Amino acid sequence: MNILDKIVADKRKEVSLKKGLIPTSQLEASVLFERNCVSLAESLRNSNTGIIAEHKRRSPSKQTINQNTNVGVVAKGYEKAGVCGMSVLTDIKYFGGSLEDLLLARASVSMPLLRKEFMIDEYQVLEAKAYGADVILLIAAVLTREEIKTLSELAKSLGMDVLLEVHNQQELEKSIMPSLDMLGVNNRNLKTFEVSLNTSKNLSQLIPDDFVKVSESGISSIEAITELRKFGYRGFLIGENFMKTENPGRSAKAFIESLKKNM
Ligand SMILES: O=C(O)c1ccccc1NCC(=O)[C@H](O)[C@H](O)COP(=O)(O)O
């Protein structure tokens, strides 16, 4: 069993428990459920920097990254830095996140917010909308094509964007469909936790131009972004590089300024 299998097995239990506690009618009654979402794909298309900054306390590969964060402060810092959107991890057990983090980020900023979660059930898509997300993440490695279709079409019907994440050619080929907005290539091998930007480079030519290309994980330098841009990437998901610092917003600001100088 790899880490993704473990996370998903736990997620199935968690979702089933939650379904018994909070009915979907309660999620649909949330004031945020009627809110018009802001498109991350649009924001990336119109940007020349393309940074999606993540709120990440810990992870299976790094254990502790930053346990002393205030998600509202981080969100405001990221927005002030000029990022295109923010990714908020909502998994508790492996990443130390929560839906309350998403809600707090939503209360603090108006930029696009991605619910970073291991989505396996339509219930979680409704939760994402109810807690203020503009975008959901779907991970091809843990979903069938039919599941990707059902979850992405539900998200689209609620006005949200969909970012589909792949690790290899097979996952990419089974997933392409019109209800996706962005295709993310994760540079982290989830079996070994090794990170290689070559994963993004190698898969780039297989991604149709209709989708915004996003490179995810292990990005920590301006050079990496300059290089990935040559392969058509418009979005760059960065977590640890900002979160490991005392002030993630300030680090994102310095990074974006430096990126602009290098254009
Ligand atoms: O980060 C991990 O260790 C991890 C392990 C298992 C599944 C997912 C994992 N990460 C989720 C992500 O996609 C990253 O948080 C995101 O791409 C940012 O990566 P980084 O900039 O390297 O923090």
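Entry 1: I started with the record. An unreviewed UniProt entry annotates residues 4-253 as "domain: Indole-3-glycerol phosphate synthase". What I have open is a predicted model, so I'm reading everything below as computed. Over residues 4-253, I get 42% helix and 17% strand for the chain.

**Entry 2: the buried side of helix 4.** Next I picked helix 4, which runs over residues 71-81. Which of its residues are buried? I noted down Val71, Val74, Ala75, Gly77, Tyr78 and Ala81. Then I looked at where they point. They cover an arc of only 165° around the axis, so they lie on the same side of helix 4.

Glycine 82 follows helix 4, and its phi is positive, near 95°.

**Entry 3: helix 4 against helix 5.** I took the helix partners one by one. The axes of helix 4 and helix 5 come within 8 Å and cross at roughly 45°. That angle makes helix 4 oblique to helix 5. On the helix 4 side, the contact uses Val71, Gly72, Ala75 and Lys76. Helix 5 brings Asp101, Leu104, Ala105, Ala107 and Ser108. I wrote down the handedness too: helix 4 passes helix 5 in a right-handed crossing.

**Entry 4: helix 4 against helix 12.** Here the axes are 7 Å apart, and the helices pack at an angle of about 15°. That makes helix 4 roughly parallel to helix 12. From helix 4, I listed Val74, Lys76, Gly77, Tyr78, Lys80 and Ala81 in the contact. From helix 12, I listed Pro248, Gly249, Arg250, Ala252, Lys253 and Ile256. The crossing of helix 4 past helix 12 is right-handed.

**Entry 5: positive phi without glycine.** Phenylalanine 193 isn't a glycine, yet its phi is positive, about 70°. I found phenylalanine 193 in the loop between strand 8 (182-186) and helix 9 (198-203). Is phenylalanine 193 buried or partly exposed? I count phenylalanine 193 as partly exposed, because it has 14 other C-beta atoms within 10 Å.

Serine 217 isn't a glycine either, and its phi is positive at about 80°. Serine 217 belongs to the loop between strand 9 (212-216) and helix 10 (222-230). I count serine 217 as buried, because 25 other C-beta atoms lie within 10 Å.

**Entry 6: lysine 244.** Last stop for today. Lysine 244 lies in the loop between helix 11 (240-243) and helix 12. Lysine 244 has 15 C-beta neighbours inside 10 Å, so I put it down as partly exposed. Which residues does lysine 244 contact, leaving aside its neighbours within four places in sequence? I got Ile65 and Asn66. I also checked lysine 244 against cysteine 37, which is 207 residues away along the chain. Their C-alpha atoms are separated by 29 Å.

Definitions and conventions
Residues are numbered from 1 along each chain as its sequence is written. This is a predicted model: local features need pLDDT of at least 70, side-chain atom pairs count only at pLDDT 80 or more; totals for chains, interfaces and linings use all residues. UniProt positions are given in the numbering used here, feature names are shortened, and annotations may be inferred rather than shown by experiment. Helices (H or I, at least four residues) and strands (E, at least two) are DSSP runs, numbered from the N terminus. A residue is buried if 20 or more other C-beta atoms lie within 10 Å of its own, exposed if 12 or fewer, and partly exposed in between; C-beta atoms are placed from the backbone. The arc is that of the directions from the helix axis to the C-beta atoms. Axes are lines fitted to C-alpha atoms, for helices over the stretch in contact, and angles run from 0 to 180 degrees between N-to-C directions. Angles under 35 degrees count as roughly parallel, over 145 as roughly antiparallel, 65 to 115 as roughly perpendicular and the rest as oblique. A crossing is left-handed if the near helix is turned anticlockwise from the far one by less than a right angle, and right-handed if clockwise. Two residues are in contact if their C-beta atoms, placed from the backbone, lie within 7 Å.
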